[in-house]
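My notes are below the display.

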Amino acid sequence: MSLGKPLDGLEVRILDEDGSEMSARGVGVIEVRGEPVTRGYTTVAGFIPAQDERGWYDTGDLGYLTETGDVVVCGRLKDVIIMAGRNIYPTDIERAAGRVDGVRPGCAVAVRLDAGLSRETFAVAVECKDYADPTEVRRVERQVAHEVFAEVDVRPRNVVVLEPGMIPKTPSGKLRRAYALSLVN
């Protein structure tokens with residue numbers, strides 16, 4: 001999602017996994033700095049700083065800057081699936097699953113499994129009105145696996161077909177991937 005140029009008073013940089021600043025269109029962690037950025041959080045345990053010693057705040061988002069300085073967000077760092085050293089974005093998986101006939105629009109979620117292990121994997125949950133028809137469920141499962149493989153060159157460990165309304169979303173309609181984990185295990 002393109003957010004446009006940073007607001008006045010904000011600096012944005014993109015860092016790779018080694019902490020080096022990336023050039024235009026290099027995908028990495030988005031950091032911001034400036035007067036509007038929170039200095040930290042007050043908790044029961046006291047104040048917890050949010051910025052590093054130079055004032056940079058790690059947003060936890062992955063994205064890049066265009067050649068003209070527009071900020072583009074690709075997703076959340078914690079949602080990225082890493083397989084064989086390659087970053088796979090849940091949105092790419094979800095888009096592929098959503099192309100399957102019978103999958104409700106906007107009702108496919110990719111969930112990272114085995115997070116932090118050397119061989120992460122993922123599962124996909126989709127909503128389908130024919131969730132109670134075993135023949136239709138099997139067709140949807142196979143086609144979702146096929147479409148996902150065609151899109152990201154990796155097969156999901158598991159595809160789950162759910163009844164409509166089962167995939168957790170925020171009040172504004174965004175997928176809640178962390179809450180969907182229990183649906184695919």
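The entries that follow go through these topics in turn.

Entry 1, the core. I kept in mind that this is a predicted model. I looked up the largest nonpolar core and found 23 residues in it. Those with the most contacts inside this core are Ile 93, Phe 122, Val 124, Val 126, Val 144 and Val 148. Next I checked which elements give two or more residues to this core: they are β8 (81-83), α1 (90-98), β10 (103-113), β11 (121-128), α2 (134-152) and β12 (158-162). The largest share, six residues, comes from α2. I also noted a second, separate core of eleven residues, which includes Val 109, Leu 113, Val 160 and Ile 167.

I left aside its neighbours within four places in sequence. Among the residues in contact with Val 126 are Ala 97, Cys 107, Val 140, Val 144 and Ile 167.

I listed the buried residues of α3 (residues 177-184): Arg 177, Ala 180 and Val 184. They lie on the same side of α3, because they cover an arc of only 50° around the axis. I found that they pack against α1, β10, β11 and β12. The face turned away from this buried side carries the exposed residues Ala 178, Tyr 179 and Ser 182.

Cys 107 counts as buried, at 5% relative accessibility. Cys 74 is partly exposed, with a relative accessible area of 23%.

Terms used:
Residues numbered from 1 in each chain as written. Predicted model: local features only at pLDDT ≥ 70, side-chain atom pairs only at ≥ 80, totals over all residues. Heavy atoms only, no water. Core = buried A, V, L, I, M, F, W, Y, C linked by side-chain atoms within 4.5 Å. Buried < 20%, exposed > 50% of the residue type's maximum accessible area, 1.4 Å probe, protein only. Helix = DSSP H or I, 4+ residues; strand = E, 2+ residues; numbered from the N terminus. Contact = heavy atoms within 4.5 Å. Arc of directions from axis to C-beta.
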